[in-house]
Amino acid sequence: MTAMGSYIRILVVAQGERRIDELTEILERNSCLVTATTSVTTALDISGYSDFDALVMAEDIPPSERAYLRTQVANNQPSSVIVSNRASRSVMIQLGQAFKEAGGAGPQ
C-alpha cells in the first residue's frame with residue numbers, strides 16, 4: 001500500500017449524494033483521504049490518472065457498472081483493494097479485511 005503519511009487514499013463511488021456523504025464522513029473520521037463521485041465514468045477517469053489505496057463502491061451502483069469499474073480499476077490500480085459496500089457502517093471492517101487479504105497495512 002502506498003498511503004501518503006498516515007492517510008489511506010480512498011476513491012468512493014455511489015449513485016446518491018447521501019450515500020457518498022455517509023461513506024465520506026465515516027472514512028474521514030478514520031484518517032482516510034477521500035475522493036468521491038456519483039459517476040462511474042468519472043471514477044474510471046480518476047483511476048487512470050490518480051493513485052489511491054482502495055476503491056469503495058456502494059451497492060447502489062448497478063451490478064454491470066460495478067463489474068466493469070472493478071475490472072478497469074484492477075487494471076489501472078493493481079495494488080488497490082476494491083470493496084463493494086452494502087451498509088455504510090461496515091465500510092471500515094470491509095476495508096480492514098480487504099487490506100489484510102491483500103497483505104497490506106490497512107486502516108487501524
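The model described here is a predicted one. Its secondary structure amounts to four helices and four strands. Of the 108 residues in the protein chain, 43% are buried. Among contacts between residues at least 6 apart in sequence, 67% join residues at least 24 apart.

The strands form an open sheet of four, in the order β2-β1-β3-β4 and with parallel pairing. Strands β2 and β4 lie at the edges of this sheet, each pairing on one side only. Direction ignored, neighbouring strands are turned against each other by 20° on average. The pairing of β3 with β4 is parallel and comprises five bridges. Within this pairing, V56 has V83 of β4 as its bridge partner. Two helices may be described with reference to the sheet. Helix α2, residues 40-49, packs on the sheet and touches β1 and β2; the direction of α2 makes about 155° with that of β1. Helix α3, residues 63-76, also packs on the sheet, where α3 touches β1, β3 and β4. The direction of α3 makes about 175° with that of β3.

The packing of helices against each other was examined for α1 and α4. Two packed helices are described by the angle between their axes together with the distance between the axes. Helix α1 spans residues 17-29 and helix α4 spans residues 91-102; the two pack at an angle of about 60°, and their axes are 10 Å apart. On the α1 side, L23, I26 and L27 take part, and they meet V91, M92 and L95 of α4. By class, this contact has six nonpolar residues, with no polar and no charged ones.

The surroundings of L27 illustrate how the elements come together. When neighbours within four places in sequence are left aside, L27 is in contact with I10, V12, C32, V34, V91, M92 and L95.

Two individual residues complete the description. S31 is placed in the loop between α1 and β2. The phi of S31 is near 60°, a positive value in a residue other than glycine. With a relative accessible area of 38%, S31 is partly exposed, because this class lies between the limits of 20% for buried and 50% for exposed. E65 belongs to helix α3 and is likewise partly exposed, its relative accessible area being 35%. Between E65 and T41 there is a separation of 24 residues in sequence; in space, the two are 9.5 Å apart, C-alpha to C-alpha.

Definitions and conventions:
Residues numbered from 1 in each chain as written. Predicted model: local features only at pLDDT ≥ 70, side-chain atom pairs only at ≥ 80, totals over all residues. Heavy atoms only, no water. Axes fitted to C-alpha atoms, helices over the stretch in contact; angles between N-to-C directions. Contact = heavy atoms within 4.5 Å. Nonpolar A, V, L, I, M, F, W, Y, C, P; charged D, E, K, R; others polar. Pairing = 2+ DSSP bridges. Buried < 20%, exposed > 50% of the residue type's maximum accessible area, 1.4 Å probe, protein only.
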